Every structure is written in structure tokens, then in C-alpha cells.
Amino acid sequence: MEGYTIPQGAHVIPHIYAVHMNPDFFPDPEEYRPERFLSPEGKFTQPQQFMPFGVGMRRCLGDKLAEKELFLFFSSLIHMFDVTSLSPSLPGLSGKCEVTHSPHEFQIVCVPRKADTLIRLIQANAAKAFPSHIRTYG
Ligand code: HEM
């Protein structure tokens with residue numbers, strides 16, 4: 001394939017990070033620029049090279065579920081907490097490349113935006129999910 005010989009049965013792992021950090025596809029890839037995903041008309045668009053869930057036959061089967069989970073997780077977190085870094089600088093984007101690519105360890109502080117609202121929400125959700133097992137006090 002394109003000059004490479006891939007032995008039958010070889011385990012091939014696509015290097016998605018290399019595509020996402022390729023400045024030919026995403027100029028200044030280390031910069032946070034949500035407008036990369038907007039068309040000139042201001043509509044949401046997804047470049048062909050954006051592939052967090054892989055491509056082709058082995059593309060992630062849980063992509064829709066994962067997107068919803070991520071949205072709920074991060075929007076709830078940011079809705080409820082002010083998140084700040086304890087370190088003087090952020091960990092950078094080099095990260096640890098293992099099975100997945102994850103950031104180096106760093107510490108954060110999550111401060112409830114409104115403590116009384118948070119307590120009420122926890123109590124309401126705990127009551128729904130674990131009516132007989134969990135009690136929250138606050
Ligand atoms: C942020 C969350 C997730 C990311 C970034 C992600 C990413 C990926 C990627 C890149 C692949 C393709 C691997 C390859 O090319 O061989 C993959 C495969 C797969 N993912 Fe996910 N995934 C996520 C969440 C999930 C969830 C929530 C499920 C199931 C509920 C799931 C189920 C699968 C399955 C079954 C495959 C294998 C598909 C196959 O080989 O035919 N993933 N995922």
C-alpha cells in the first residue's frame with residue numbers, strides 16, 4: 001500500500017494524533033481554535049482529517065454514545081465548578097503516548113460555583129438513583 005508492504009495478519013494502529021497535529025491539515029495545531037469547525041457561512045463543519053473515532057471499517061462503534069457522554073460530563077462539570085490549575089503552568093500538549101495519548105499528570109482545583117445549588121442537585125439525583133442506599137447531608 002503506497003510503497004509499504006504490510007504482512008498479512010499485521011496489527012495496524014492508525015496514528016490519529018499525527019493527523020490531528022499535522023499543520024498541513026490544521027495550521028498551528030497546538031492552538032485551541034473552535035472556528036476550525038465553522039464553514040465560511042458560520043455553519044458547523046467537520047474537516048475530513050478530523051478522526052477521533054478512527055476511519056473506515058474499524059471506525060468506533062460507540063462514537064455517538066461517547067459524544068453524548070463527553071458533552072454531558074464536561075458541560076455538567078463546567079456548569080457546577082470553577083476549574084483552575086494548581087501548577088504555575090499547564091502540562092503542555094506533548095503528553096504520554098501509550099495505548100491512548102494522555103496528558104502528563106497535573107493538579108486541578110474544582111470549586112463549586114454555588115455550593116447550595118450543588119448540594120440540592122446531589123440530594124435530588126441521589127434520591128432518584130439510590131433511594132434506599134444513599135443519603136447526602138449538607
Ligand atoms: C471518547 C471516547 C472514544 C474514543 C475517542 C474512541 C475511539 C475509537 C477508535 C479510534 C477506534 C478505532 C480503532 C482502530 O482503528 O482499530 C475505536 C473502535 C471501537 N470503539 Fe471506540 N472510542 C470511544 C468510545 C467508545 C464507546 C463508548 C464504545 C462503546 C460503547 C466504543 C466502542 C468501540 C468498538 C466496539 C470499536 C471497535 C470497532 C471495530 O474494530 O470494528 N468506543 N474507538
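Residues are numbered from 1 along each chain as its sequence is written. Because the model is predicted, local features need pLDDT of at least 70 and side-chain atom pairs count only at pLDDT 80 or more, while totals for chains, interfaces and linings use all residues.

**View 1. The whole chain, from element to element.** The protein chain holds three helices and four strands, where helices (H or I, at least four residues) and strands (E, at least two) are DSSP runs numbered from the N terminus. Of the 138 residues, 0% count as buried; a residue is buried if 20 or more other C-beta atoms lie within 10 Å of its own, exposed if 12 or fewer, and partly exposed in between, with C-beta atoms placed from the backbone. Among contacts between residues at least 6 apart in sequence, 35% join residues at least 24 apart. Here two residues are in contact if their C-beta atoms, placed from the backbone, lie within 7 Å.

View 2. The mean pLDDT of the protein chain is 85, and 90% of its residues reach 70 or more; pLDDT is the predictor's confidence in each residue, from 0 to 100. Among the elements, α2 has the highest mean pLDDT (92), and helix α3 (residues 115–129) the lowest (70). Over residues 130–138 the pLDDT stays under 50, and the model has five contacts beyond four places in sequence for them.

**View 3. Helix α2, end to end.** This helix covers residues 63–80, and its 18 residues should span 26 Å at 1.5 Å a residue; the expected span is 1.5 Å times one less than the number of residues. The end C-alpha atoms are 26 Å apart, which agrees. The number of buried residues in α2 is zero, so the helix lies largely in the open.

**View 4. Strands β1 and β4 side by side.** Strand β1 (residues 81–85) runs antiparallel to β4, joined by five bridges; two strands pair if DSSP finds at least two bridges between them. The bridge partner of V83 in β4 is C110, and that of S85 is I108. Strand β4 (residues 108–112) has zero buried residues among its five, so it lies largely in the open. For β1 the number buried is also zero out of five residues, so β1 lies largely in the open.

View 5. E2 sits in the segment before α1 (16–20), with phi near 45 degrees, a positive value in a residue other than glycine. E2 is exposed, because it has 3 other C-beta atoms within 10 Å. D28, in the loop between α1 and α2, has a positive phi near 45 degrees. With 9 C-beta neighbours inside 10 Å, D28 counts as exposed.
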